[in-house]
Amino acid sequence: MTETPTITTTQAPTTTLENNNNHRGSNNKIRRNRSLNYNSRKRRNFEETTTEAPTTSVDVSATENTTTFSVLTTTTPTPTIKYVIMVVAAIKLSGTNFTQELKDTNSTTYKDFEAEIMQLLTQQFSSVPNFVRIVILGFAPGSVQVDFRVHLAKRTSVAENTTDIIAEVMGHLNNTISRILEGKKIGNFSVDETFSVINVPQITVVDITTTATTTASATVPTTSMEQQPQRLQQQD
């Protein structure tokens with residue numbers, strides 16, 4: 001009887017090539033896992049560390065200002081009448097010698113004497129209503145006769161009777177001349193109380209129309225919306 005041989009099966013030893021392939025595959029898998037983990041951590045860290053870009057707010061709110069403006073109101077024109085009144089008069093200065101220089105209006109003697117007498121007469125007639133000025137017309141012999149003209153100007157809103165104006169002016173001028181004669185002096189000059197001349201006034205009527213205006217100022221608050229609030233994003 002023949003004995004059946006026992007067959008023992010043994011696993012063939014893994015060759016070095018297969019081991020190397022398995023090792024590399026394992027290493028590649030480990031690397032992929034590490035890479036995935038690394039990328040995952042990097043993305044997570046990036047998301048955690050990345051913040052929203054800072055923003056700058058520019059808030060231009062409505063500002064309330066005050067505006068002042070003027071309202072010009074024109075009233076109805078008011079008629080004005082101006083009466084220009086000129087009266088020629090004369091007085092004599094006694095005790096004063098007349099010289100040829102007083103005939104020459106360009107001489108220093110004439111100009112100095114004219115200025116002095118004009119100032120003295122202005123002081124006397126300045127109290128007359130509507131007085132404007134005195135004009136020296138010249139000097140004549142007879143001790144020294146002083147010819148002068150009184151200028152007056154009267155304004156009224158309605159026409160007046162010129163006869164009434166003349167009477168009023170003559171009354172004031174006569175009173176002034178009488179006061180000079182009674183005082184017998186103007187300044188340092190003696191006055192001949194027996195001589196005086198007052199001519200009839202000459203009147204020129206000037207129609208002046210004036211426009212009266214009224215200006216009123218008002219302050220009004222105004223709200224100006226210059227710019228709406230907006231946000232400006234700063235970019236990296």
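Which residues does V146 touch, not counting residues up to four places away in sequence? V146 touches A89, A90, I91, L93, I117, L121, I136, G138 and F139, where contact means heavy atoms within 4.5 Å.

## Basis of the model

This is a predicted model, in which local features need pLDDT of at least 70 and side-chain atom pairs count only at pLDDT 80 or more, while totals for chains, interfaces and linings use all residues. Residues are numbered from 1 along each chain as its sequence is written, and side-chain values use heavy atoms, with hydrogens and water left out.

## Overall fold

The protein has three helices and 10 strands; helices (H or I, at least four residues) and strands (E, at least two) are DSSP runs, numbered from the N terminus. Along the sequence the pattern reads α-β-β-β-α-β-β-α-β-β-β-β-β.

Of the 236 residues, 21% count as buried, a term for under 20% relative accessible area, with exposed over 50% and partly exposed in between (1.4 Å probe, protein chains only). Among contacts with a separation of 6 or more, 77% come from residues 24 or more positions apart.

F131 stands opposite L152 in β5. The two strands form a hairpin with two residues between them, and G142 in the turn has a positive phi of about 125 degrees.

## The nonpolar core

The largest nonpolar core has 34 residues, and those with the most contacts inside it are I117, L121, F125, F139, V146 and F148. Such a core is a set of buried Ala, Val, Leu, Ile, Met, Phe, Trp, Tyr and Cys residues joined through side-chain atoms within 4.5 Å. Two or more residues come from each of β3 (78–94), α2 (108–125), β4 (131–141), β5, α3 (162–183) and β7 (189–198). The element that gives the most is β3, with seven residues.

## Lysine surroundings

K154 is found in strand β5 (residues 144–156) and is buried, with a relative accessible area of 13%. Its side chain makes a polar contact with the side chain of E168 (3.1 Å); a polar contact is a pair of N or O atoms within 3.5 Å, and within protein one must be able to donate a hydrogen and the other to accept it, while residues adjacent in sequence count only if both atoms are side-chain atoms. Leaving aside neighbours within four places in sequence, K154 is in contact with I81, K82, Y83, N130, E160 and E168.

Technical notes
Two strands pair if DSSP finds at least two bridges between them.
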